[in-house]
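Welcome! Here is a short tour for anyone meeting this protein for the first time. Please take a look at the sequence and the fold before reading on.

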Amino acid sequence: MFKTITGIEPSKKRVIFFYGLLSLFITLAIFTLGLYFYLLSDVSDRTYAAKKALSDRMNGIFTELKQAAEDSDLSCEKADLTRLRRVVFYSPTLKEIGLFDSDFRVYCSNLGPTDFKIYSSIAARITKSKDRKTVSLVNSNTLGESTFFAFYQRADGLGVNGLAPPKNIAISVDQILLPDYFYELTIGKQVFSSNREGIGSDVLAKQEESLADWSMTLVVFLPSSLYWHHLWSISPFILLSWGFLFAVFYIGHLVLIYYRRSLRHCIKRAIRNNAMEVYFQPIVSLSEGGFHEMEALIRWRSFRHGQVSPLVIVDMADRLGLIDDLTWMVIRKVGDFYREYPEQLRDIKISVNVDRHSFLKDYFAPNLSIILGEYPELKGRLGLEVTETTALNSAELPLMVSRFEDIKALGIGLSVDDFGTGYAGLDFLRRFPYDTLKLDQIFIASLKDDQFTRQILTSVTKLAKELNMELVAEGVEREDQLNAVRELGVDRVQGYYFCRPLPKDQVIAWFEENAAN
Ligand SMILES: Nc1nc2c(ncn2[C@@H]2O[C@@H]3COP(=O)(O)O[C@H]4[C@@H](O)[C@H](n5cnc6c(=O)[nH]c(N)nc65)O[C@@H]4COP(=O)(O)O[C@H]3[C@H]2O)c(=O)[nH]1
């Protein structure tokens, strides 16, 4: 099967090209978008982590300042200097610390007594702030370069300021964001720490976080060079995934084709699409020398599987849960046949095969009645041949009798098919006599030569007469079999000897030809 599928070169090339392109497109879409969203989420997470680290560092600084303020007074004695020096010595961040009074005059630092005024703008910010805390970026008196300052003032006016190189503050941000992302950290409008000059490519996205308590803003940039760098580094995975996805698509394609071409799927589709045919085999009456009955038999030639045996169709339909759909299809086709040849089929009864278990279903008789409504031509002419593939249990037996009564009430004849080889029990015949008994062809084949078979069929013939049932001998192929059947007293005969099952137009032609003879 695979050989035939893959053997068609041009379509195989097209399929490979199509799935190759599709899998490439999907792989690229997944990886490029996936990487983009991954980096977006990463930059967002790391910006948030950097903000948190920065916030922790600022809280640490203010805890130190607060402690120093608690321990200080307005003097700048040796003990005071020692205390301030100790704070600086143990501080992870601060390089210098000073004390100021309620006039914002710095009177003491860890370097010794001093005297200068804090900028009035900073003093105003301290006063206005919620906890009398603020930060600033100004030139240091001692260092002379842009320096980070933190200020804290007690309620009684004594304040502490700490000084640190901006790098010391930004180190926690560096640890989290570098070397992948570029960032800019500002206090108010002043840039405090930045490496954005080094981006050197387009910015794919940026993330902003603000630390309102400290008037700080952290902006993190995702450079497109980082994106391309990552994309390049995962290119082996992209290639592998492309190959894998292509294999999945291609194998899936083969499996799908295999399934679509499988008998099971074709039968399902044919039943659903009403795409099967029905052949008809006449049943001849020996005494009258004519024919008034036919059996409808399913026929189906699959494009891929050739002629499929009716037994295989029925078995598969049963397993697919479509056996009733098959029955409705055949009955409707019989109805169409009557409609097409109303004259020729005026006196002809046609029987359709139905598995006995279908009768047990609640909906069977009501559905049948609906179809009879659709096809009034079937009334009084449709017969059902009950194929007895399984035995009935004691609970099913009375139910079946009542179902049969419902069917008979619709004017439908019932015959038991393959009598002698199926499960048609004598008990059931006693409770519910069928209209017709069809003797299985296996008996007819050995009737002439086998004494035992003859004895059985003689008894069955007697039983049928006593129960007022018609008898049909199936599978009569030769004249000697016909004579043996006639000797037995069976009047109606079906078999290749007279006619094989034929399509509708041919069976009509056969009728016309044989009626003329
Ligand atoms: N060797 C030989 N065979 C003869 C002769 N005369 C008739 N036959 C074959 O014997 C079978 C008679 O049908 P069946 O016993 O109901 O047996 C049927 C019936 O049980 C089932 N079947 C056929 N069509 C349907 C259907 O529409 N629905 C259901 N449920 N079963 C069906 O498939 C079985 C086989 O059907 P077919 O292959 O059409 O086989 C038919 C028919 O072609 C003969 O002289 N010699």
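## Around the ligand

A residue is near a molecule or strand if one of its heavy atoms lies within 4 Å of it. There are 22 residues around the ligand, and Arg-299, Asn-353, Asp-417, Glu-477 and Tyr-496 come nearest. The model is a predicted one, in which local features need pLDDT of at least 70 and side-chain atom pairs count only at pLDDT 80 or more, while totals for chains, interfaces and linings use all residues. Residues are numbered from 1 along each chain as its sequence is written, and side-chain values use heavy atoms, leaving out hydrogens and water.

Which side chains place a polar atom 2.9 Å from an oxygen atom of the ligand? Arg-299 is one of them, and Gln-441 is another. For Glu-474, a polar side-chain atom lies 3.4 Å from a ligand oxygen atom. On its own the ligand has 800 Å² of accessible area, and the protein covers 87% of that (Shrake-Rupley method with a 1.4 Å probe; for residues, only the protein chains shown count as cover).

## Two annotated spans

An unreviewed UniProt entry carries the annotation "transmembrane region" for residues 16-39 and 234-259. UniProt positions are given in the numbering used here, feature names are shortened, and such annotations may be inferred rather than shown by experiment.

In the model, residues 16-39 are 100% helix and 0% strand, with end C-alpha atoms 33 Å apart. Residues 234-259 are 96% helix and 0% strand, and their end C-alpha atoms lie 37 Å apart. Helices (H or I, at least four residues) and strands (E, at least two) are DSSP runs, numbered from the N terminus.

## Helix H6

Helix H6 spans residues 224-233, and its buried residues are Ser-224, Leu-226, Tyr-227 and Leu-231. Seen down the axis of H6, these buried residues fall within an arc of 155°, so they line one face of the helix. The arc is that of the directions from the helix axis to the C-beta atoms. His-229 and Trp-232, on the other side of H6, are exposed. Here buried means under 20% relative accessible area, exposed over 50%, and partly exposed in between (1.4 Å probe, protein chains only).

## Strands that pair

Which way do the residues of S17 point? Thr-436 and Lys-438 point one way, Leu-437 and Leu-439 the other, and all are buried.

Is Arg-154 buried or exposed? At 16% relative accessibility, Arg-154 counts as buried. Arg-154 sits in the loop between strand S5 (146-153) and strand S6 (159-164). The side chains of Arg-154 and Asp-156 are joined by a polar contact of 2.6 Å. A polar contact is a pair of N or O atoms within 3.5 Å; within protein, one must be able to donate a hydrogen and the other to accept it, and residues adjacent in sequence count only if both atoms are side-chain atoms.

Lys-78 belongs to helix H3 (residues 78-90) and is exposed, with a relative accessible area of 70%.
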